[in-house]
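Student: I would like to learn how to read a structure. Please take me through it one feature at a time.

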Amino acid sequence: MPTTLILACGALAREVLALIELNGWQHMELRCLPAELHLHPERIPDAVEAAVRAARGAYSRIFVAYADCGTGGRLADRCKTLGVEMIAGPHCYSFFEGNEAFAARGEVTSFYLTDFLARQFDAFVWKPMGLDNHPELRDLYFGNYEKLVYLAQTEDAGLTKAAREAAERLGLEFERRFTGYGDLQAAIRAYKV
Amino acid sequence: MSDEEEDDLILDELDDGELVLQMHDDLYDGMADEIAEGVNILLKRGWTPYDILTKALVEGMRIVGIDFRDGILFVPEVLLAAGAMKRGMEILKPLLVETGAPQLGKMVIGTVKGDIHDIGKNLVAMMMEGAGFEIIDLGINNPVEDYIGALKREKADILGMSALLTTTMPYMKTVIDTLKEQGIRDEYIVLVGGAPLNEEFGKSIGADAYCRDAAVAVETAKEFMARKHNQG
């Protein structure tokens with residue numbers, strides 16, 4: 001019987017499930033909010049609060065598997081009010097690489113993909129930016145970037161190929177960094193029985 | 001109007017009022033070639049560059065801005081509209097210099113250190129320029145010394161800072177705090193903007209105003225400049 005709810009961004013679903021399976025965390029259950037919130041960070045705190053309130057009572061503990069994710073501290077404030085914990089760091093690119101290592105790089109001109117975004121590049125990058133209809137806008141969006149960094153959570157040649165193709169489509173250099181699950185694993189491990 | 005009828009539309013056959021309205025539509029639809037044609041027709045008819053800029057281009061972009069704010073248009077459409085306005089501005093800019101269009105003030109603008117996202121900043125710069133402000137565009141990724149150096153060198157009235165990332169927006173406070181340390185904060189109007197910002201953030205860092213879009217930036221800058229002149 002699960003006693004801990006991991007309330008996660010949909011973009012982390014595979015990774016959280018993989019960690020649950022890998023570590024045998026049978027007491028954990030995953031529930032996801034739509035990954036589309038990634039495109040509207042201002043909506044994340046309300047969505048998380050509603051989900052936490054709806055799930056309370058059914059679980060002894062709830063962990064919010066989101067980092068700040070563009071909410072400018074508002075999600076952290078909301079989680080504090082709700083009495084639940086969340087992942088430290090600015091976003092998944094950072095905690096996958098490890099928050100300290102990511103901050104130490106101080107990269108400004110890199111555009112990041114994770115496994116999820118490599119898999120969903122068209123749905124979460126290309127189309128929302130209108131590049132399917134107006135590819136001529138590409139350099140307005142990406143002209144100041146230098147490279148696309150694929151932060152790989154898994155060894156998957158297909159995803160690496162997809163990420164490399166994404167870099168070509170955006171006119172950026174390509175770099176692959178294997179991160180594994182980074183700080184995500186440690187954050188969830190704190191909730192082991 | 002059907003596409004076929006629209007294709008047949010001959011801009012030069014429209015009277016001035018109709019042409020200006022058509023240019024608003026063309027801006028809305030991001031039709032750069034048509035905007036350039038419209039600008040040239042109005043010039044040929046004896047319109048001043050300043051009138052074309054304000055009545056056809058800036059007014060058209062104002063409408064675009066309202067529909068963006070209301071969620072009717074999205075970033076790609078705004079970018080296309082801005083591209084069309086830019087084409088018109090390229091024709092008008094040298095003529096505006098020759099004809100001495102009114103100057104409302106001088107603004108130094110740039111994205112903050114660590115931030116390379118300049119779409120919003122470019123829109124604000126273009127709309128401010130269209131409204132009669134002289135723009136000193138510092139581009140992207142600006143450390144505090146670049147902002148302050150430009151403000152002093154250019155004897156600017158306004159500092160505009162832009163950030164898209166929650167990780168970079170706190171740097172705006174660094175810039176404002178440095179202005180205070182140097183005892184020159186009150187010499188400048190400080191406007192801030194960017195998707196993750198809000199009014200509360202603007203106040204908390206000591207900016208004069210948070211501007212949620214380019215149209216608001218223009219109006220806010222005009223208000224502050226008017227107040228400055230009244231004080232003087």
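The dialogue below goes from whole chains to strands and then to a single residue.

Student: What kind of model is this?

Tutor: It is a predicted model.

Student: How many helices and strands does chain A have?

Tutor: Chain A has 10 helices and 7 strands. In chain B there are 10 helices and 5 strands.

Student: What are the spans along the principal axes?

Tutor: The C-alpha trace of chain A extends over about 50 × 30 × 30 Å. For chain B, the C-alpha atoms fill a box of roughly 60 × 35 × 25 Å.

Student: What share of the residues in chain A is buried?

Tutor: A residue counts as buried when its relative accessible area is under 20%. By that cut-off, 48% of the 193 residues in chain A are buried. In chain B, buried residues make up 50% of the 232.

Student: And what is the accessible surface of chain B?

Tutor: Chain B has an accessible surface of about 11,000 Å², and carbon and sulfur atoms hold 51% of it. Chain A exposes about 9,200 Å², with 51% supplied by carbon and sulfur atoms.

Student: How are the charges of chain B placed?

Tutor: Compare the centres of the two sets. Chain B carries 22 positive and 43 negative side chains, with the two centres 12 Å apart. Chain A has 21 positive and 26 negative charges, and their mean positions are 5 Å apart.

Student: How do strands of a sheet pair?

Tutor: They pair through backbone hydrogen bonds, in a parallel or an antiparallel sense. In chain A, an open sheet of 4 strands has the order 2-1-3-4, and its pairing is parallel. Strand 2 (28-33) and strand 4 (85-86) of chain A each have a single partner strand and stand at the edges, so one side of each lacks a neighbour in the sheet. Strand 1 (residues 4-9) of chain A joins strand 2 of chain A through 6 bridges, in the parallel sense. There, C9(A) has L33(A) in strand 2 as its bridge partner.

Student: Is strand 6 of chain A largely enclosed or open?

Tutor: Strand 6 (residues 147-152) of chain A is largely enclosed by the rest of the structure, because 5 of its 6 residues are buried. Strand 5 (residues 110-113) of chain A pairs with strand 6 in the parallel sense over 4 bridges. Strand 7 (residues 173-178) of chain A also runs parallel to strand 6, with 6 bridges between them. One residue shows both pairings: L148(A) in strand 6 stands opposite F111(A), and L148(A) also stands opposite F174(A) in strand 7.

Student: Let us end with one residue. Where is A150(B) found?

Tutor: A150(B) lies in helix 7 (residues 144-154) of chain B.

Student: Is A150(B) buried or exposed?

Tutor: A150(B) has a relative accessible area of 0%, so this residue is buried.

Student: Which residues does A150(B) touch?

Tutor: Leaving out residues up to four places away in sequence, A150(B) touches V108(B), L138(B) and K155(B). Sequence separation and distance can also be read together: A150(B) and D33(B) are 117 residues apart along the chain, and their C-alpha atoms are separated by 35 Å.

Methods:
Residues are numbered from 1 along each chain as its sequence is written. Chains are lettered from A and ligands numbered from 1 in the order in which they are written. This is a predicted model: local features need pLDDT of at least 70, side-chain atom pairs count only at pLDDT 80 or more; totals for chains, interfaces and linings use all residues. Side-chain values use heavy atoms; hydrogens and water are left out. Helices (H or I, at least four residues) and strands (E, at least two) are DSSP runs, numbered from the N terminus. Buried means under 20% relative accessible area, exposed over 50%, partly exposed in between (1.4 Å probe, protein chains only). Accessible areas come from the Shrake-Rupley method with a 1.4 Å probe; for residues, only the protein chains shown count as cover. Lys and Arg count as positive and Asp and Glu as negative; His and the chain ends are not counted. The place of a charge is taken as NZ of Lys, CZ of Arg, CG of Asp or CD of Glu. Two strands pair if DSSP finds at least two bridges between them. Contact means heavy atoms within 4.5 Å.
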